[in-house]
Amino acid sequence: MSSSFHVLLYYKYVPIPEPESFAAEHLEFCRELGLKGRVLIAGEGINGTLAGPVEATDRYRKWAAEHPLFADMDFKIDEEEWVPFKRLSVRPRKEIVTLGAGDDFDLEKETGEYLSPEEWKRTIEEEDVVLFDVRNDYESAVGRFKNAITPQIETFRELPEALKDYEHLKDKKVLMYCTGGIRCEKASALFRREGFKEVYQLEGGIVTYGKTLGPEHWEGECFVFDERMTVPVGGEEAPPPIAVCAHTGKEGAELINCLDDDCHRLFLVNKEALAENPDREYCPGCLSKKAPAVQT
Ligand SMILES: [Zn+2]
């Protein structure tokens, strides 16, 4: 089977001088290559997911390999038969990942220790550890490492506050993970600053783990920030979906955005449950607020 498109996922924390003008030039470059997707550029580095015909993504990777700042940047590559983005956006930002508290980390010194996929697997099999999912609630709801702690946060900015519920774990060996590794670089620094003693992060995230070792210790799928919404973990042996409807608990649920204009959060709903009651297009929180108004 030949696929004609690649989806790239990549990041690198590296000082980028004049991120605004860099972003403007980079937008032009990506446009010329015919790529679609989203790239964030900040003084602290680059974070992107881009897709296009294989020749175009190859040319992009060649550009990176020859660039003094990005030569060793790691690309996660998915083969697809379509391009799961409608548009191209390349933007300058204050940070490539915003944690809200303490984005002034000196990551070289403060980030947690890395575990390769093999080390990760061995450690969770042989040692008494806590697995910690630093992603958002709608991401862990569709798939996660078995027995992982999954904080109920809607954005990464909520993690510092949510961490207060986990102070009892400060003396445990904490193994954290995210999609591709970028969030863990800051989250692990935060954990350490907050007094967690042994903090490790999965190098290359879930994506690299699945490609390297398959789905062992994983359940469900992996959420991605593009039109695919989820991707299987571990190729041919990928485990089945685990998502359940937030309203009914039924299996076979899909992520949708809450209909409420002030909410729009992603949550899981079963299509039949939605057909039975169209109000289920509101998330449980918004639906419960909505109910009294309907009766009057
Ligand atoms: Zn809602």
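This report describes the fold of one protein, moving from the whole chain to its sheets and then to single residues.

The structure is a predicted model, in which local features need pLDDT of at least 70 and side-chain atom pairs count only at pLDDT 80 or more, while totals for chains, interfaces and linings use all residues. Residues are numbered from 1 along each chain as its sequence is written.

## The whole protein

The protein contains 10 helices and 15 strands, where helices (H or I, at least four residues) and strands (E, at least two) are DSSP runs numbered from the N terminus. Its radius of gyration is 20 Å, close to the 19 Å that the globule rule gives for 296 residues, so the protein is as compact as a globular protein of that length. That radius is taken over C-alpha atoms, and the globule rule is 2.2 Å times the number of residues to the power 0.38. Taken along the principal axes, the box filled by the C-alpha atoms is roughly 65 × 45 × 40 Å.

Of the 296 residues, 39% count as buried; a residue is buried if 20 or more other C-beta atoms lie within 10 Å of its own, exposed if 12 or fewer, and partly exposed in between, with C-beta atoms placed from the backbone. Among the contacts with a separation of 6 or more, 63% are between residues 24 or more positions apart, a contact being two residues whose C-beta atoms, placed from the backbone, lie within 7 Å.

| Domain | Residues |
|---|---|
| domain 1 | 5–92 |
| domain 2 | 107–237 |
| domain 3 | 253–295 |

The C-alpha centres of domain 2 and domain 3 lie 28 Å apart, and the contact between these domains takes five residues from each of them. On the side of domain 2 that touches domain 3, the residues divide into four nonpolar, no polar and one charged; here Ala, Val, Leu, Ile, Met, Phe, Trp, Tyr, Cys and Pro count as nonpolar, Asp, Glu, Lys and Arg as charged, and the others, Gly among them, as polar.

Strands of a sheet pair through backbone hydrogen bonds, either parallel or antiparallel.

Another open sheet has four strands in the order β6-β10-β9-β7, with parallel pairing. Its edge strands are β6 (113–115) and β7 (129–133), each of which pairs on one side only, and the twist averages 35° from one strand to the next. Five bridges join β7 to β9 (residues 173–177), and these strands run parallel; Phe132 stands opposite Met176 in β9. Helix α7 (residues 182–193) packs on this sheet, touching β9 and β10 (198–202), and its direction makes about 175° with that of β10.

## Single residues

Trp120 belongs to helix α4 (residues 117–126) and is buried, with 26 other C-beta atoms within 10 Å. Apart from neighbours within four places in sequence, Trp120 is in contact with Leu115, Leu175, Leu202 and Tyr209. Trp120 and Tyr209 are 89 residues apart in sequence, and their C-alpha atoms are 8.8 Å apart in space.

Glu18, in the loop between β1 and α1, has a phi near 50°, a positive value in a residue other than glycine, and it is exposed, with 12 other C-beta atoms within 10 Å. Asn147, in the loop between β8 (143–145) and α6 (159–162), has a positive phi near 70° and counts as exposed, with 11 C-beta neighbours inside 10 Å.

Terms used. Domains from an automatic or database assignment. Pairing = 2+ DSSP bridges. Axes fitted to C-alpha atoms, helices over the stretch in contact; angles between N-to-C directions.
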